[in-house]
Amino acid sequence: MTSKIKDLVELNPSGQRSASGRSAAPPELETFLLSYEMGDVIVRTVERLSSTEPGPHNCLIVGGPGCGKSRLLAAVASLFEVDPEASLHPRLAEVRALAQPSRTIVVRVEPEPGERRLLPTIERAVLSELEAAGFAVASISAEAVDSLLAFTKSVATLPTGHRLIITVDNVDTWLAPANRFAEENAQTLVRFGDLGRDLPVALCAAAGEYVITHDSSAGSQGWIAALLDTYRIEYVSARALRSATASNILVKNARQRREISNVLEQLRKRLPDLPCTDEEFVELYPLEVSTWGVGGQLHRWIDGFSFPEFAARAAESVKRRPAASLFALNDMFTLYEPQLRQVDALEPIFDAYDRLVLDAVPRLGQNQRLWGRLALQSIFMHTIAGISADVKTITNSVLLYDLHGGVSSYAMMSAVLKQMETLDAGQIVATGEGTSRRYGLVTDEREGLLVRIEELADTVDEDSETLSALLGVGGHVFADWPFGASPAGPGRTDLWNIDISGGLVTLHARTLDGRNDEAAERRPRLVLFPPGRPWSEATDVVRADDLASCWIVSKPTAAERAAVRRWMAAARLSADEGGRRHPDLPSVLAELETAAVAAFLRVYVEGGTLVTSDGREAIAEFASPTRAENLVVRMLPPSPSEVSSAAEEGQAIEPEPASEGASWLACLLSANREEAAGLVRTFTAADWLSRLESWYGMHVGRDDTGPIRLLGQRGEQIPEVVAALDAKQLFDVLLYYTRRALSSRTVGELCGEMARAFETENRVWEARERLSWLARFAEWLPILDDAARYLGDAETTEDEDLEALRTSLVEWMDRLGEFVNERRRSAFSDSFAAYRDEYSRIYTAVHDRAVGGENVGRLSAGIVESQAWQALENLSSLTIGNPSYLVDAINLISVLRETQCSSNVDSSLKTHPLCACGFRFGDQDRIASMASSATDFVQMGIEHHMRLLQARKAELKEKLIAYKSSFDLDTIRSIAELTKESTPPRVEPATIDAINTLLDPEAEWQSRSTGDNQALQYRPDRIM
């Protein structure tokens, strides 16, 4: 393995350099990191904003913290202004061409000091920009400050072909609960979106994921549905920026990726619970994975923080380290400590950290101080990121482990942190037990915060509010939960009719759009019973109505009720403007939310039962919190079909006329065009929903992210791949609208979205064929990755033909475009299988000769059954002997015997070029060397004991002469030979007993008469 980090990663500058003689691109474009996903979002956003089609052209870029959405928004704005002669990345140049047909005026809206209303801020920014560009603008009258009259007049007078593009970054601040104008600002976005219908204006904004959910304070006012009518939402995934950083800055080739995987394998031997996938580790190397999660929050404290710039700087700082010594969280602390100390809000946390460093760490044991200091740095970084880290997370984040492997790293860290808790003087907050114990640094306000939360929790009603909030917690568990996920959040009335009466909560699925349902009382319904209601009530409900099902739950314990009340109190404090005064509130709220979720799972899932007219079923049997499915839809009883009703009455069955847009659904659900035509004529609305449920279930669980990640940047060069991925994205959108259709029991919105996305039915079939091709390609593509790993890890053989085939396969894999053809894929698979079979035959033969039972047994038996081994065993019984030689020799033999492999070699070689025992060809010499070392060590032990006896030679000789009649002649000769510098004789136990007798100073000898000779008799009873 390569020994240095610098050999495993190639650091590239984050920006694009201008070509000689051409003007430079703006910094937003010059330093923008392109990846397939980022580039795709830019293309769709620019197309949307510059489209000449009638209607609104607004766009909302959505993503989590640190995903790069702000940089992407700035890049989009710059593309509309960049000099045509500027040097750009080829793909950005293509995107720029999309924005050329119309003259565009870009207005970047920046927050104004003290201004918390979005509408006047946008209007002033637009009028100022238009005036600076030389256009006539209307004045803003004090009486019409909220009418946008000046704005509409000014934009309406723009020359033909001009378009105004407004960008608003960080919408979160405008819609934050602390802003009392949050609801008004949300409606402002909707209002400007509507203006795009009649005026040449488009608004492009960037927002976090939370603010566009129904759980946010603005979202709960029902503005999202109106927003979706005029905005296209472009989602930037959490890993988009990470992938862009990996492909542009932390660049690795195939060899380096393999060696980095070996580094991960070695680290996992020391830290078995490293929380990352192989791909994450390779992408971020040489950054430890937790730096990504924490780094995504640093922009809150450091102005202008850029993760790509951080990645380049961090990698540069550690490139000369050993391969396994990554840039960890303690390095991040060291790198940014000076800047973080300038942030006033972090001063209390630094006070706690400094006190621990000065008072607690020096009082630890010498070998524990490093662990304690690095643990504190990790806890500090997790605390400012709002994360309560457990022992394993802290240990992994600084990559601490015992070099000698004598102690579990997690057990060691747990012991160090436990000791620091006793020395911390109240500076550490810890909850939980063992390695699950979570740690955070306190601030001066944390204790007061906890007291404040307890005070607010006491004001929560024990029954009505607590149980209502517990029901709402389901929004944190199931994606389609129809109730608000926050304690004060409303129900999903856009998808469900929700009735609350008599303590029962009843859900009715909404009927089809425009359908006159005269039997509304006969619609399927789900009745949720509060804890403590009797089973008999549920039985009565389902007996009276076979279209009803009842959800019975268990009673929450006192501790669970208290946990929910504390969570409600913390959530209310967070929503209140004063909540921002507590830096520890995010981490405290996260801890309390975890406890509330646990209570919900115990009460509603583990203790829940579904009661229907057909019987009872435990909720836990069919509901999994990790499955993305429509849980409530599955719990509703099925509607009686009109077909079955007519059949029972003996009437002629008349199919329901196809609803408008049914042909779109037929294209989606049918196997071919002929089947689609038949479905349009015969299927009823209930049938549509049933087939949609099946279609959704088949597609929602499919995960193509692995194969698509394998395509990487190379996929952009293959037209078939690009077209298939575009089709996949369209069908991913349809999955969202399908879930809404299943929840609302209406297909109108889904049909409309299909019409907007595909335009013609032929394009649906084309997209389906591309998606089918992608499915087949994605199913095969892992074979390519497996082959790359297999060929890269395979041992080099002496078979020239086999090695030539291996080289050919490696070169073939670099030509990814060839595998678009299925026959080429099959040919590669066959060639690789032929290589693997021949390689397996050669490897197995070498493996069995080296570590097979016959060879290892022969080697170990040759040592243990030898005369030298027997001699060492007997010599170790000497009273002056050293048994450690025998112990070490036994350990060496144990290690040798452990090399014997009992694994199924043939089975292992089907998926990996090495046996499960890890045998490599070079191990043949190592095993022989181990046997030789063991033999040498036995000889060393014998020689050591002979030197001990030689040192007592005079004493032994004197006693043998004096008491020679007490020992037989063979024993005397053996003792004499052992005291010579020569090859030792065969050592018998009797010889060792005699030597021990002669050297025992406590033994008593007494005379007995045997005629004329006098002999000595040894009395062992005198030995102590």
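Where in the chain does Leu-399 lie? The points below answer this and then consider other parts of the structure, which is a predicted model.

1. **Leu-399.** This residue sits in the loop that runs between helix 18 and helix 19 (409–423). Most residues other than glycine have a negative phi, and most peptide bonds are trans. Leu-399 has a relative accessible area of 12%, under the limit of 20%, and is therefore buried.

2. **Asn-170.** A positive phi is also found at Asn-170, where the angle is about 55° although the residue is not a glycine. Asn-170 belongs to the loop between strand 4 (162–168) and helix 7 (171–175). Is Asn-170 buried or partly exposed? With a relative accessibility of 37%, Asn-170 counts as partly exposed.

3. **A cis peptide bond.** The bond that leads from Tyr-285 to Pro-286 is cis, and its omega is near 10°. Pro-286 is placed in the loop between helix 12 (278–284) and helix 13 (290–295).

4. **Helix 17 against helix 18.** Two packed helices are described by the angle between their axes and the distance between the axes. For helix 17 (residues 369–384) and helix 18 (residues 391–398), the angle is about 105° and the axes are 9 Å apart. Because angles of 65 to 115 degrees count as roughly perpendicular, helix 17 is described as roughly perpendicular to helix 18. On the side of helix 17, the residues that meet helix 18 are Leu-374, Ala-375, Ser-378, Ile-379 and His-382. Their partners in helix 18 are Thr-393, Ile-394, Ser-397 and Val-398. Sorted by class, this contact holds five nonpolar residues, four polar residues and no charged residues.

5. **The nonpolar cores.** Which residues touch the most other members of the largest nonpolar core? They are Ile-42, Phe-310, Leu-340, Phe-380 and Met-381, in a core of 108 residues. Helix 17 supplies the largest share of this core, with eight residues. Leaving aside residues up to four places away in sequence, Met-381 touches Val-294, Leu-298, Leu-329, Met-332, Phe-333 and Leu-340. Another core, of 96 residues, lies apart from the largest one, and its members include Phe-777, Tyr-839, Tyr-843 and Ala-994.

6. **Asp-793.** This residue is part of helix 34 (residues 761–793). Asp-793 and Arg-258 are 535 residues apart along the chain, yet their C-alpha atoms are separated by 8.2 Å. The residues that Asp-793 touches, not counting those up to four places away in sequence, are Arg-258, His-912, Pro-913, Leu-914 and Arg-920.

7. **Arg-602.** Helix 24 (residues 585–606) contains Arg-602. The relative accessible area of Arg-602 is 26%, a value that makes the residue partly exposed. From C-alpha to C-alpha, Arg-602 and Lys-555 are 9.4 Å apart in space, while 47 residues apart in sequence. Beyond four places in sequence, Arg-602 touches Ser-554, Lys-555, Pro-556, Thr-557, Glu-560 and Gly-607.

8. **Leu-149.** Helix 6 (residues 149–156) includes Leu-149. With a relative accessible area of 41%, Leu-149 is partly exposed. Leu-149 and Ala-138 are eleven residues apart in sequence, and their C-alpha atoms are 8.3 Å apart in space.

9. **The chain as a whole.** The chain has 44 helices and 18 strands. Of its 1024 residues, 48% are buried. How many of the contacts between residues at least 6 apart in sequence join residues at least 24 apart? The share is 71%.

10. **Confidence.** The average pLDDT of the chain is 75, and 79% of the residues score at least 70. Over residues 15–21 the pLDDT is below 50, and the model gives this stretch 14 contacts beyond near neighbours in sequence. Residues 511–521 also stay under 50 in pLDDT, and for them the model has 14 contacts beyond four places in sequence. Where pLDDT is low, the predicted coordinates should not be read in detail.

Note on methods:
Residues are numbered from 1 along each chain as its sequence is written. This is a predicted model: local features need pLDDT of at least 70, side-chain atom pairs count only at pLDDT 80 or more; totals for chains, interfaces and linings use all residues. Side-chain values use heavy atoms; hydrogens and water are left out. Axes are lines fitted to C-alpha atoms, for helices over the stretch in contact, and angles run from 0 to 180 degrees between N-to-C directions. Helices (H or I, at least four residues) and strands (E, at least two) are DSSP runs, numbered from the N terminus. Angles under 35 degrees count as roughly parallel, over 145 as roughly antiparallel, 65 to 115 as roughly perpendicular and the rest as oblique. Contact means heavy atoms within 4.5 Å. Ala, Val, Leu, Ile, Met, Phe, Trp, Tyr, Cys and Pro count as nonpolar, Asp, Glu, Lys and Arg as charged, and the others, Gly among them, as polar. pLDDT is the predictor's confidence in each residue, from 0 to 100. A nonpolar core is a set of buried Ala, Val, Leu, Ile, Met, Phe, Trp, Tyr and Cys residues joined through side-chain atoms within 4.5 Å. Buried means under 20% relative accessible area, exposed over 50%, partly exposed in between (1.4 Å probe, protein chains only).
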